[in-house]
Amino acid sequence: MPAASANKRVKNTRVSRPFIIGSQAWNLTSQNHPDPIPDGHTKGWRVYVRALGEEESGGGGNGPDLKTWLKKVQFKLHHTYADASRTVETPPFEVTETGYGEFEVELRLYFDSSSGEKAQYRFHRLRLEPYGDEAQQARQRERNLVVADTCEIVEFNEPSSDFFVKLTAEDQFAHLKKKAAGQGAGAKGSKGRGKAASSKSEYEGDKEPSASLPDKGTETVPWSKEMEKKVLEMLQDAQRELDVNIEQERQKARQRQKRLNEVAG
Ligand code: SLL
């Protein structure tokens, strides 16, 4: 019999999960698209929901398994596509297509059934043409690859107790475990066997897995607490500048009003 408390909420608790929504696009050539290219289509593209570092690691990414919380993703494409609504229930959560034009992809994220959470919408602007400064555009042309990734966060406020168990379980990090115990990193150093084995992490790179953003980013996976802080500082600077401008405009308006009153009086 299911426990009566199964869907009780865990009070005063919030669990966040950073993840990536992004796209890649390339010019179609007969080399990279052996099938007949549909009429008028010039680009190949892919839109996806991924774990941080998923592509770079060639697997589940640097953090917890997305499947722990993400049940399926529905991608809503431009209405010019046949079957514009595409649902992906198993990783990789992605849609690969060809086309000619950029558009806004609507994504609907469905959460693990134990969560009792409603689906959430996200939007992603599919980018087919090179963008950014000149150097960035040159690099995109050279690689024939336009990548537009953004780091998103989903927050579960007071998650259901069943869901909370999953969000805190160790098995969501199983893909980060060392392939063969006692090999690789474990072999270095000359400490006594038993001691070395017990003090070494069982995870790749001897790092304890974490569900939060890493402290520092890398060239390929820039999203980090450091970047978050920088973005926040940029926003605060912009806000201060805006406040100054608003105050200046207010003063000008007051002076104009004063002059108007003088003329009218
Ligand atoms: C526009 N935003 O309004 C663009 C339209 C169209 C996207 C984007 C091909 C679909 C198909 C395709 O690229 N559609 O015919 O299979 O100008």
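Visitor: Which residue forms a salt bridge with E158?
Guide: K11 does, and the closest N and O atoms of the pair are 3.6 Å apart. Keep in mind that this is a predicted model.

Visitor: Where do E158 and K11 lie in the chain?
Guide: E158 is in the loop between β8 (146-157) and α3 (161-167), while K11 is in the segment before β1 (14-27).

Visitor: Is K11 buried or exposed?
Guide: K11 is exposed, with a relative accessible area of 57%. E158 counts as partly exposed, at 25% relative accessibility.

Visitor: How many salt bridges does the structure hold?
Guide: There are 19. One of them joins K43 and E129, with the closest N and O atoms 3.7 Å apart. K43 belongs to strand β2 (residues 43-50) and E129 to the loop between β7 (120-125) and α2 (134-143), so this pair connects parts 86 residues apart in sequence.

Visitor: And K43, buried or exposed?
Guide: Buried, because its relative accessibility is 8% and the cut-off for buried is under 20%. E129 is partly exposed, at 41%.

Visitor: What about D112, which residue does it pair with?
Guide: D112 forms a salt bridge with K166, and their closest N and O atoms are 3.0 Å apart. D112 sits in the loop between β6 (104-111) and β7, K166 sits in helix α3, and 54 residues separate them. D112 is buried at 14% relative accessibility, whereas K166 is partly exposed at 35%.

Visitor: Which residues do salt bridges that share partners join into one network?
Guide: R46, R50, E55 and E94.

Visitor: New topic, the ligand. Which residues surround it?
Guide: H41, H78, T80, Y81, G99, Y100, G101, E102 and F103. By class, that shell has three nonpolar, five polar and one charged residues.

Visitor: What lies 2.9 Å from a nitrogen atom of the ligand?
Guide: An N or O atom in the side chain of T80. On the oxygen side, a polar side-chain atom of H41 is 3.4 Å from an oxygen atom of the ligand. G101 uses its backbone: a polar backbone atom there is 3.3 Å from a ligand oxygen atom.

Visitor: How much of the ligand's accessible area does the protein cover?
Guide: 65% of the 460 Å² that the ligand has on its own.

Technical notes:
Residues numbered from 1 in each chain as written. Predicted model: local features only at pLDDT ≥ 70, side-chain atom pairs only at ≥ 80, totals over all residues. Heavy atoms only, no water. Salt bridge = Lys/Arg side-chain N within 4 Å of Asp/Glu carboxyl O. Helix = DSSP H or I, 4+ residues; strand = E, 2+ residues; numbered from the N terminus. Buried < 20%, exposed > 50% of the residue type's maximum accessible area, 1.4 Å probe, protein only. Near = heavy atom within 4 Å. Polar contact = N/O pair within 3.5 Å; in protein donor to acceptor, adjacent residues only side chain to side chain. Areas by Shrake-Rupley, 256 points an atom, 1.4 Å probe, with all protein chains shown as cover. Nonpolar A, V, L, I, M, F, W, Y, C, P; charged D, E, K, R; others polar.
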